[in-house]
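Let's walk through this structure together, from the contact between chains to a few individual side chains. Have your viewer open and follow along.

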Amino acid sequence: MSENPVFTTPLPVGQLNMPDPAEFREMFEGIFARRFYTNHGPLEHAVDEALAAHFGVRHAIAVVNGTIALMLLLRAMQLTGEVIVPSFTFPATVQSLVWAGLKPVFCDVDPDTQMLNAALVEAAITPQTSAILGVHIWGRGCDPVGLAKLAEARGLQLLFDAAHATSCTFEGKRIGGFGRAEIFSFHATKILSGAEGGCITTNDDELATRLRTLRSFHASDEHAAGVLRLNAKISEAQAAMVLLGLRHLDRFIEENRQRYELYRQGLQDIYGLQFIDYAAGEQSNYQFAVVRIEPEKLGMSRDELLDWLQDRHVLARRYFHPGVHRTSPFSSEIRAELTVTDELCQVLLQLPTGQAISHDDVRNICTLIQSAPRKRQMTQRA
Amino acid sequence: MSTAPTLALFGGQPLFEHPLATGQLANRDPERFFALATASFERRRLTNQGPMVEELEQRLSTLHGTRHCVAFANACFAIILALRSLARPGATRVILPSLTFRGLPHLIRWAGLEPQYCDVDPLTHTLSPSCLAQLIDADTAAVLAVDNVNGLCDIDALERLTLDAGIPLLIDAVYGIGGHYSSNKGKDIVGSRGSASVFSLHATKLINGFEGGYLTTDNDELAAKMRRQRTFGFGEGAVPVELGMNAKLNELHAAMALSNLDHMQAIIADNKRRFDCYQQHFEDLSWVSFADYSLSPGTFSLVLLKVAADAPFSRDELIRILRAENALVRPYYSPPLHQQESSDATLPVTDSVSRQFIQMPVGDLLEETDIQRLAQLFKHLEQNATAIGERLRSNLQ
C-alpha cells in the first residue's frame, strides 16, 4: 500500500454483483428452450415462491422494479388523502405517492437512526392521514414496532420501503413482514439484482391476490373493479437473475461484511469522520459504507471530501442529497421545516462497496481519506 | 385428421401436442445475446442507460427516421409519461379507439386523465377521422390513435384534425412497426408522425426484448422530458427537477432486442410466408376469410380470421373448439373497451368488428404443417357441422 494510493479505474458505489457465467448460460438456455420470455412464466412463479421463503412471508409479488412495486402497492391498498413519509429517502419513495394520487406529508427523522420514529410521526398526523410509509434506511428497521402500535391506535395503514433491507433483521425478525406490506428493490446496485426488479411482500392474502391481478392486464379471477392495472411484470430474464443472486446471497453478504469491517476499522481514528455502524446487533446485508462528516472537526466539508475523492477515481456519492422536500415538484408545493434531514443531507457520504471493490481497495480508500488535505487541520483529538 | 377424431372439446386428444401461440416469440440469435450479456457483466453495467440501451435507441431512431428514440422498461410507461407530458393543460379527456388493447384506459388514468371512446374505420379498424371530429372539444387533452396489424391510421386526416384544434396526437404504433403510411406528405415512416409514437419490445411483438418499449419523436423538448422522467425526473447530479418514476430499460432486455433487431427483415419475411400459407390452405372455406391487409404495415405479426355471420359456428364457438385443441387463439379486441366499461358511447362499427375476428396462431414457433392441420380441422368442422353444432350447443345447456 502506497502512501498516496492512486486508482486507475473508477471505484463505484453500489453492489453490482454479477452472475456466474456458467450458471447464467444454463438458466437462460432454459428460458430459450421453453420459449417463455415473460407473461407470468415459470421463473416468475419460482421467484415469487423463493422470495416469500426468503423474506419469511406468505406472499412475495415480483415486479419490474422497486418504484413500480411501491406505486402498485399504494394503489392496491386503496389509500386516500395524506401519507406520512420521510424526506430523507430516495426520491422514488415520495414520487410513488403522487403516482398513486396521494399527498406526501414530510416528517423529519431521528438524527441517530436517520429514520422516522413513532413520536415524530404522531406529530404529523392530521384528519386526512391514511397511512404511514416508513423507510428502512441502510437496511436498519424503521421503528417497525413503535409505528405499528401508533398505526393501530390511530386507525392508519402502515407500509415500508425496504429497498435497502434485503436479508436484514429488526430485533432478530427478518424485514419483509412488518406493516401491512413492504417493497424491495432488485436494482443492479442492490445486494440482490435482477438488473432491474422489485417485489412486494405481505402476509395479507387478499392484498396479495389483488396485487397479482394489478401487475398485468392478463385475465384474472379477481375483478378488481376501479383499481388501476399496469404492465408491471418481471420478465423471465429478470426473475432468472434474482434466482441466480439468491443462490449466492450468503456469499455476497459475507463479502460485504468483510469490506464493512475493513472500513469500520480503517476509518475509526479519523477525527471528525464517523463510520455509521448501522449493522450493530442485527443481521444486515452490509451493502452500504456510510460516513458522517463533522466539517469543523474534520477540517473539510463533505462536499470538499467528495470532490477530492472523485478526482482520484473514488466515486463516492452524496446519498441522499438534497432531501426530497427540496426537489421539484415538492419544493414548490409543500413547505416543510426538516432541520435534521437538511443537516444529514450535508454531512453523509457513501463510499464504494460491492463486488468490484477489493479489500486492498478499501484499505487504500481509508488511507486516501486519512491523507485528504484539511483546509483547517485540527490538532485536538476527541 | 384423416379418421375424423373426436374434438378435444368433447374429450378427444388435442390436435396439437404443444400450444400454438398468438405472439411472435422470435429469438433469432441466442449466441449474440450471450455475447452481449457477457460484455455487460464485464462492464458491470446492467441498467441506468447503459451502452446497449444507447445503441438500441440509435438504431431504432434510424429505423423510424426520427431525431429521438427513448427506451423504456415497457411500452406502458412510455404511454403514461408521454400522455402526461403532452396533455393540454386543464383538459381531462383522451380520445382513443374502443377496439384496441385493454390496457390503454388504465394507462390514461395513471396519467391522471380519462378515456373517451371513438369508433373505427371499417377497413383498417383505426380511429375514424369523422367520428373523431365530432368528439374533439375544449376538454380534449390528447388523441391516442392506434396503428393496427391489418391497417395503419389515416395519418394525414388525424394530423389535420388535431393540429387544427391544437391537440397532441400520440400514436400507439406497436403493430405499425416497419410500415409506411399512405400519406400525401413526404415523411411516411411509421414512428415519424404525430407528436410521438410508442412501440413495444415485448416477447410477443416483432422485436423480442423480453419486455421493453420505446418512444420516437422529433420533439426535442418531449424527448428530454421522457429521458428525465424515466429516471426519477433526474436533472444534473441525480437531483429531480420534475416528477418521474423508474421506467428504465435494463441492459439484458436491450441485448435481447439488439440480437433480434438484426433479423427484423427475416422475421417479417417468415411472417409473410406463413400468412400466404394460411390464405392458401383456408381458400376453400367460404365461411371464414382474412382481414383486409391492403393498408397494413406488411409485417403480418397477427393473423386475423373473420368468421362470416352465416357461418356454421359462431366466432366464440370456434375459439372454444380451437383452444381445446391447444391452438391458443383469442377473440380480437373483444369485448371492445366501451362495452367493458359500460360506457354509453354508440360505436356501431366497433360493435360489429369486435364480434367477427379470431387472432390465429402466428410467430416463430408456428410451422406450415400446423397451418395445414388448422385448415384440416376447419374442413372437418364444416363437413360435420350439424353433428358438432348440436353436441356443442347441448353441452352448453
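A residue here counts as buried when its relative accessible area is under 20%, as exposed when that value is over 50%, and as partly exposed in between. Keep in mind throughout that this is a predicted model.

Arg59(B) has a relative accessibility of 29%, so it counts as partly exposed. Glu55(B), with a relative accessible area of 30%, is partly exposed too.

Glu57(B) belongs to that helix as well, which covers residues 51-64 of chain B. Is Glu57(B) buried or exposed? Its relative accessible area is 8%, so it is buried. Leaving aside residues up to four places away in sequence, Glu57(B) touches Cys69(B), Val70(B), Ala71(B) and Arg230(B).

Arg93(B) pairs with Asp139(B), their closest N and O atoms being 3.3 Å apart. This pair links distant parts of the chain, 46 residues apart: Arg93(B) is in strand β2 (residues 93-97), and Asp139(B) is in the loop between α5 (129-135) and β4 (140-146). Arg93(B) is buried, at a relative accessible area of 15%, whereas Asp139(B) is partly exposed at 25%.

Next, look at Arg274(B) and Asp364(B), which form a salt bridge with the closest N and O atoms 4.0 Å apart. Arg274(B) lies in helix α9 (residues 264-281) and Asp364(B) in the loop between β11 (357-360) and α13 (368-383), so the pair ties together parts of chain B that are 90 residues apart in sequence. Arg274(B) is buried, with a relative accessible area of 6%, and Asp364(B) counts as buried at 18%. Over all chains, the salt bridges come to 43.

Now turn to the place where the chains meet. The contact takes 51 residues from chain A and 50 residues from chain B. Together the two chains bury about 4,400 Å², 69% of it on carbon and sulfur atoms. On the chain A side, Tyr37(A), Trp99(A) and Phe217(A) lose the most area to chain B, together 17% of what that side buries.

Which charged and polar pairings cross this boundary? There are 3 salt bridges between the chains, including one between Arg25(A) and Glu31(B), with the closest N and O atoms 2.7 Å apart. Polar contacts join 21 residue pairs across the interface. On the chain A side, the elements giving two or more residues are α1 (21-34), α3 (66-76), α4 (91-99) and α8 (236-247). The largest share, 6 residues, comes from α1(A). By class, that side has 29 nonpolar, 15 polar and 7 charged residues.

Finally, look at helix α9 of chain A, residues 249-266. Its 18 residues reach 25 Å from the first C-alpha to the last, close to the 26 Å expected. Among its buried residues are Leu249(A), Phe252(A), Ile253(A) and Tyr260(A). The elements covering the buried residues of α9(A) include α2 (42-55), α8 and α14 (359-370) of chain A.

Notes. Residues numbered from 1 in each chain as written. Chains lettered and ligands numbered in written order. Predicted model: local features only at pLDDT ≥ 70, side-chain atom pairs only at ≥ 80, totals over all residues. Heavy atoms only, no water. Contact = heavy atoms within 4.5 Å. Buried area = accessible area lost by both parts, 1.4 Å probe. Salt bridge = Lys/Arg side-chain N within 4 Å of Asp/Glu carboxyl O. Polar contact = N/O pair within 3.5 Å; in protein donor to acceptor, adjacent residues only side chain to side chain. Helix = DSSP H or I, 4+ residues; strand = E, 2+ residues; numbered from the N terminus. Nonpolar A, V, L, I, M, F, W, Y, C, P; charged D, E, K, R; others polar. Buried < 20%, exposed > 50% of the residue type's maximum accessible area, 1.4 Å probe, protein only. Expected span 1.5 Å × (residues − 1).
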